[in-house]
Amino acid sequence: NARAALAARLALTLRRRRTVQTVCSVPADFAAAPRVLFAERVVALSRQTRDRLLAAGLAAERLRWIPPGIVIPPLPDPPDREGARRATRLQHDLPPEEPVVLFPGDYEVSTAAAAFAAAIPALLATPGTFVFACRAKTPSAAAAEQALRDDLARSGALSRVRFLGDVDDMPAL
């Protein structure tokens, strides 16, 4: 943000400090990045963002890349993946060969669960089961889930929807 960068630069001219700035999301405009990145050190959280910042002209000595703090597990071999898929579908009473349209999230942090639910009635002509795999983060999650259930029942879509709650093996699902 150009205004925030200007304010930070002004503050730093008044009171000199060592600074670190983290680029938490991919900039909309990389060409403007060298002008809005004000810190001595800039941290990129993805390799792609790092490379694009360098290509836009940010000095390499100012830029650091900190890779994700988690290891993404490799996909299992196809036979293992198919076995896990069958077991998970059986565990959650999902049709064995029908497509699954999955919303893995929560009910409360954003409106994404409600948007997913609102789209389901328009998709009823296609085969599939619509699945909410949402971990309850607060006590109000139950009320939010019930509101979605009520909306889906009114639209006639509830029979095609499963609410799984917390799922132990999301990749298998």
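**View 1. Seven salt bridges are found in this predicted model.** The structure holds 7 salt bridges, each defined as a side-chain nitrogen of Lys or Arg within 4 Å of a carboxyl oxygen of Asp or Glu. The model is predicted, and local features need pLDDT of at least 70, side-chain atom pairs count only at pLDDT 80 or more, and totals for chains, interfaces and linings use all residues. Residues are numbered from 1 along each chain as its sequence is written, and side-chain values use heavy atoms, with hydrogens and water left out. Let's start with Asp51 and Arg50, whose closest N and O atoms are 2.9 Å apart. Asp51 is partly exposed at 36% relative accessibility, and Arg50 is partly exposed at 23%. Here, buried means under 20% relative accessible area, exposed means over 50%, and partly exposed is in between (1.4 Å probe, protein chains only).

View 2. Helices are DSSP runs of H or I with at least four residues, strands are runs of E with at least two, and both are numbered from the N terminus. In helix H4 (residues 78-91), Arg85 and Glu82 are 3 residues apart, which means about one helical turn separates them. Their side chains meet in a salt bridge of 3.1 Å, N to O. Arg85 has 22% relative accessibility and counts as partly exposed, as does Glu82 with 30%. In helix H6, Arg149 and Glu145 are 4 residues apart, again about one helical turn. Their salt bridge spans 2.9 Å, N to O. Back at Glu82 and Arg85, salt bridges that share partners join these two residues and Arg86 into one network.

**View 3. Aromatic rings pair up.** The whole structure has 5 aromatic pairs. Rings of Phe, Tyr and Trp (its six-membered ring) pair if their centres lie within 6.5 Å; planes under 30 degrees apart count as stacked, over 60 as edge-to-face and the rest as tilted. Phe103 and Phe116 are stacked, because their ring centres are 5.6 Å apart and their planes meet at 25 degrees. Phe103 sits in strand S4 (residues 100-105) and Phe116 in helix H5, so this pair ties together parts that are 13 residues apart in sequence. Both Phe103 and Phe116 are buried. Tyr107 and Phe132 make a tilted pair, with 6.2 Å between centres and 35 degrees between planes. Tyr107 lies in the loop between S4 and H5, while Phe132 lies in strand S5, 25 residues apart. Ring pairs link Phe103, Tyr107, Phe116, Phe132 and Phe163 into a cluster.

**View 4. Nonpolar residues gather in cores.** A nonpolar core is a set of buried Ala, Val, Leu, Ile, Met, Phe, Trp, Tyr and Cys residues joined through side-chain atoms within 4.5 Å. The largest one has 15 residues, and among those touching the most other members are Tyr107, Phe132 and Phe163. Helix H5 (112-119), strand S5 (129-134), helix H6 (141-155) and strand S6 (161-163) each supply at least two residues of this core. A second, separate core of 9 residues includes Val42, Leu53, Leu58 and Leu63.

View 5. Cys24 is exposed, with a relative accessible area of 64%, whereas Cys134 is buried at 3%. The structure has 0 disulfides, a disulfide being a pair of cysteine sulfur atoms within 2.5 Å.
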